[in-house]
Amino acid sequence: MARIELSGIQKKWGTVWGVRDVNLDIADEELVVFLGPSGCGKTTTMRMIAGLEDPTQGDIHMDGELMNDIDARDRDVAMVFQGYALYPNMTIYENIRFPLRMRRVPKSDHDRLVRDAAALVELEDYLDRKPSALSGGQRQRAALARAIVRQPQVFLMDEPLSNLDAKLRQLMRVQIKHLQRQLKITTVYVTHDQIEAMTLADRIVVMEGGLIQQIGTPDDIYNDPANTFVAGFIGSPPMNLIQGTVSNSTFTAEGLSVPGLPVDGDRAVTLGVRPEDCHIAAGNAHLEGEVYGVEPTGDITYLTIMAGKKLIEVKADRDYRAELGARQSVAFDPSRIYVFDTETGARMR
Amino acid sequence: MALATSTAKRSRGENLVLRYVILGAWALFCLAPVLWFLSIGFRPRTEIITPEPIYIPTFSLDAWHMIWEDWPMAKYLRNSVLAIFGSVVIDLVLGIPAAYSLARYRYKGRDDIGFYILSTRMMAPAIVAIPIFFLFRNLGLLDTIWALMLIYAAINLSIVTWIIRSYMIEIPKELEDAARTDGASDLRILWEIIIPAVLPGIITAAVIAMIFAINEFLFTLLIASTPDAYTLSVALANFTGGSDGLIYNAIALVAFLAFVPVFLVVVLIQKHLSRGLTMGAVKG
């Protein structure tokens, strides 16, 4: 159990930036998710915490102790990898036991610890199989067992569910969260999947271009995005971001008119509104356009409206149907309209 | 439709027959020299050199007795086996860490070192024959199995290193990262994770080194001057001259003896071998 502090962390390979400037304080027992598109620096940051990469600049502390010069093998950190990274020549039992052998845990404890860890992930019956004889989900559970067997200070998980199918992913997600709560181990979890991030995290760190874009609880990130990147990255379908101008506190773009915005003067802004905060309206509303697409999914109908050249996503009622090309008005929930500076992408409040 | 199906079936059947005929002919072509060895080896010497065709050969163990009784064949065989196995062990002990270093570590001049190792294979052996002769003479190793071990190892080290390296490159880096965070040192990782994972490559490299070593002639002839260090390949040469003239049936039998162990090993591990060779060829 440990607290992790990253201060001024940078990573550069030659002229290529991996991580530009990361400052982060992870509390003991917290589950923090690094979220971002590939190449945003999230995995590199995690690997620096593990000791598999050295930061070009900045300090990493664990429980107040400077970690920069401490080898990966001497940090009390366990890592779970996207490709499972089970040792192919060893049985599952030997795989789980490997960290105990390497860290010189007394031999007499090995069997009990291995079996306890296997029981936690429900793999007791597979201990004498080789990894190749296991399914993807079982392999990932074996990798989890290998990580938890020695009760490390910190868990690092690098996209551990990416290779699993959707159904299994959901199940494993719940198991990982349950295990983390049960074992109370500080955990850093890397993913590009916003659903994983939203469901697992105590706090989400959204990264892009080697920089932290926003740190916050899933609710903060979803309801109070700091900039257009975060707003557009989280949510499915993502937030509608519409470029236009504000004059006399009224936003206008082709087919759109939204009054009462907290913006002074005349300037170019981007208006953000989530599909679920758009409602079908009759007559006088914020948006009027042509029905471009209607996609019923059973519990909800996705409606796409073309306003000028811009496509706007709306989550409509399950019974909503419309002819393509028909005119449709849409009203936005006034309390859930976001305004961003078009030039910098930053939120305007 | 039915017609088309039956035509397709028949032509597939014909294809299969044709394929077997071609493969059978190729197998016979490859095995013919071996069968020829056996046929010569177990016939009397007079029958071999007669110009008239012989349709029903006579079976004779003359040559068989001769090579074992008149010549120290057991010693040659022992020398071959010791020198070859010793050289393969040396190659693996040096080649595996070298391959790991070339495959995984980043350091200045790594690719140059890799190329240098490979380039030792590009030189005509005769160029270094004389210096090597003096080197071994000064070391007092002339006419010993130790010298043969060293020279075979030196000849094959480059190819062993490169074959194993090509396997090591294929191993996901995640495995090593996992082992490192699990608390393993570099040597541990090599020993417990990498070597078991590249075992097919190690076997392939060892067999190829063995084949090159068993066929090595030039340096063996140079270093071995008495039966103390003669190997099968040099012993063969002893049947080609001297007062007895060319002893074809003995040559055939010794050549066969040199061929059998290699053949058996290759058959045993052919699955690994074909994978190893193509892997080295495509990725490298």
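**Helix packing and a tryptophan**

Mentor: H4(A) passes H5(A) in a right-handed crossing; that is, the near helix is turned clockwise from the far one by less than a right angle, and a left-handed crossing is turned anticlockwise. Helices (H or I, at least four residues) and strands (E, at least two) are DSSP runs, numbered from the N terminus. This is a predicted model, where local features need pLDDT of at least 70, side-chain atom pairs count only at pLDDT 80 or more, and totals for chains, interfaces and linings use all residues. Residues are numbered from 1 along each chain as its sequence is written, while chains are lettered from A and ligands numbered from 1 in the order in which they are written.

Trainee: At what angle do H4 and H5 of chain A pack?

Mentor: Helix H4 (residues 136–148) and helix H5 (residues 166–183) of chain A pack at about 15 degrees, their axes 11 Å apart.

Trainee: Why is H4(A) called roughly parallel to H5(A)?

Mentor: Angles under 35 degrees count as roughly parallel, over 145 as roughly antiparallel, 65 to 115 as roughly perpendicular and the rest as oblique. The angle of about 15 degrees therefore makes H4(A) roughly parallel to H5(A).

Trainee: Which residues of H4(A) and H5(A) make the contact?

Mentor: Contact requires C-beta atoms, placed from the backbone, within 7 Å. A:Gly137, A:Gln140 and A:Ile148 of H4(A) meet A:Leu168, A:Met172, A:Leu179 and A:Leu183 of H5(A).

Trainee: What makes B:Trp71 partly exposed?

Mentor: B:Trp71 lies in the loop between helix H3 (62–69) and helix H4 (73–104) of chain B. Buried takes 20 or more other C-beta atoms within 10 Å, exposed 12 or fewer, partly exposed in between. B:Trp71 has 18 C-beta neighbours inside 10 Å, so B:Trp71 counts as partly exposed.

Terms used: Axes fitted to C-alpha atoms, helices over the stretch in contact; angles between N-to-C directions. Contact = placed C-beta atoms within 7 Å.
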